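I opened the notebook to look up a pocket, some ring pairs and a sheet. My entries follow.

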Amino acid sequence: MPVDDRTLDALRAQRTEAENHYIDELVAGRLDRRTFLRRGAVMGMGASTMGAILAACGGANKSSGSQSSAATAAGTPKHGGTLNVAVQTPATAMNPLVVDDGGGLCMLGVPGEFLTFDDNLKLQLYPMLASSYTHNGDGSVWTFKLRSGVKFHDGKPLTADDVVYTFQQLADPKNASNALSTFTGVLKPEGVRSKDSHTVEFHLEAANGNFPYFVSNDNYNAIIVPKGTDFSKWGKTMVGTGPFKLKSYSTNQGADFIANPDYWGQKPYLDAISFTFYESQQPQILALQGGSVDVIGQLVPSGAQAVLSGSQYT
């Protein structure tokens, strides 16, 4: 399978120079998949990001005169496999309205997606579930056009009603959403309106030129869910539009996600992503060293010297 240059370039734009060095090594065949995952984890790259990079690389690692056939074979990604991720045990139930801990947020972006995506290295915003967005003369009304052909994991199509419902819940003070820190004084529930089946208008309390960032991954609770979702029960199904959908969830143990065959974007390269929950970082490091996990979702340098100084990880 050839490299998806367009997707890979977009992913590169979001990474640091050091991270892009490892991507170059992966594409060139000088890193195998497991080594890339371990080194990426040390650099702080998220599980879903590394999965997307592996998908975009396709069959890029072809042999050349300067590469051994063994390295090439080891470094050529193939369809299939499971990415095993260690994360902190989520502090609360998986409720998109209120989740705010590292373990929960690491998983939230696997089944869930946003209207826009913020490339915070280039300070540029890209459409995600929205195909485009415009504003009126003073920026007090923003209009978002939705992508066509997007489906939720339960097979239902994404429509404006789903987006309206999601943001009305996020902006409602009664729900105590974490997103209220963004929307208070900016957006009220009644300000979110559908214009047609694939167009949503946001009528703001005051003009705001930054509003498209408020519906991006910067506002990590703002994943789009189906109209009528009971957020208190969302964790049982985690229905979203993302590239992976929930297979199983065990409180205080872990969660398994499988590839979404109906995903609207680049199809997942992996068959699955499996999260294992840990109460602290040290057992996560031991699991990485023992090979039972490929990635640590979030790594704090303090206490991680064994990983940071290990040549097999850096």
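I looked up the lining of the second largest pocket and found eight nonpolar, six polar and two charged residues. In this count Ala, Val, Leu, Ile, Met, Phe, Trp, Tyr, Cys and Pro are nonpolar, Asp, Glu, Lys and Arg charged, and the others, Gly among them, polar. The pocket's volume is about 180 Å³. Of its 16 lining residues, Thr92, Ala93, Met94, Tyr249 and Thr251 are the closest to its centre. A pocket is an open set of points on a 1 Å grid over the protein atoms alone, where a 1.4 Å probe fits, with protein on both sides within 12 Å along at least five of seven lines; lining residues have an atom within 4 Å of a point. The volume is the space filled by probe spheres set on the points, which are joined across faces, edges and corners.

**Ground rules.** I am reading a predicted model, in which local features need pLDDT of at least 70, side-chain atom pairs count only at pLDDT 80 or more, and totals for chains, interfaces and linings use all residues. Residues are numbered from 1 along each chain as its sequence is written, and side-chain values use heavy atoms, with hydrogens and water left out.

**Rings.** I searched the whole structure and got 11 aromatic pairs. Rings of Phe, Tyr and Trp (its six-membered ring) pair if their centres lie within 6.5 Å; planes under 30 degrees apart are stacked, over 60 edge-to-face, the rest tilted. Phe167 and Phe183 are edge-to-face, at 6.0 Å centre to centre and 75 degrees between the planes. Phe167 lies in helix α7 (residues 160-170) and Phe183 in helix α8 (residues 180-183), so the pair ties together parts 16 residues apart in sequence. Helices (H or I, at least four residues) and strands (E, at least two) are DSSP runs, numbered from the N terminus. Both Phe167 and Phe183 are buried, meaning under 20% relative accessible area. I also checked Phe202 and Phe211: their ring centres are 5.0 Å apart and their planes at 50 degrees, so this pair is tilted. Phe202 is buried at 0%, and Phe211 is buried at 0% too. Ring pairs link Tyr133, Phe144, Phe167, Phe183, Phe202, Phe211 and Phe214 into a cluster.

**Sheet.** Which order do the five strands take? I read β8-β9-β10-β1-β11, an open sheet with mixed pairing. Strands pair if DSSP finds at least two bridges between them. β8 (244-250) and β11 (295-296) stand at the edges with a single partner strand each, so one side of each has no neighbour in the sheet. β1 (residues 82-88) and β10 (residues 272-278) pair in the parallel sense over seven bridges.

Key
Buried < 20%, exposed > 50% of the residue type's maximum accessible area, 1.4 Å probe, protein only.
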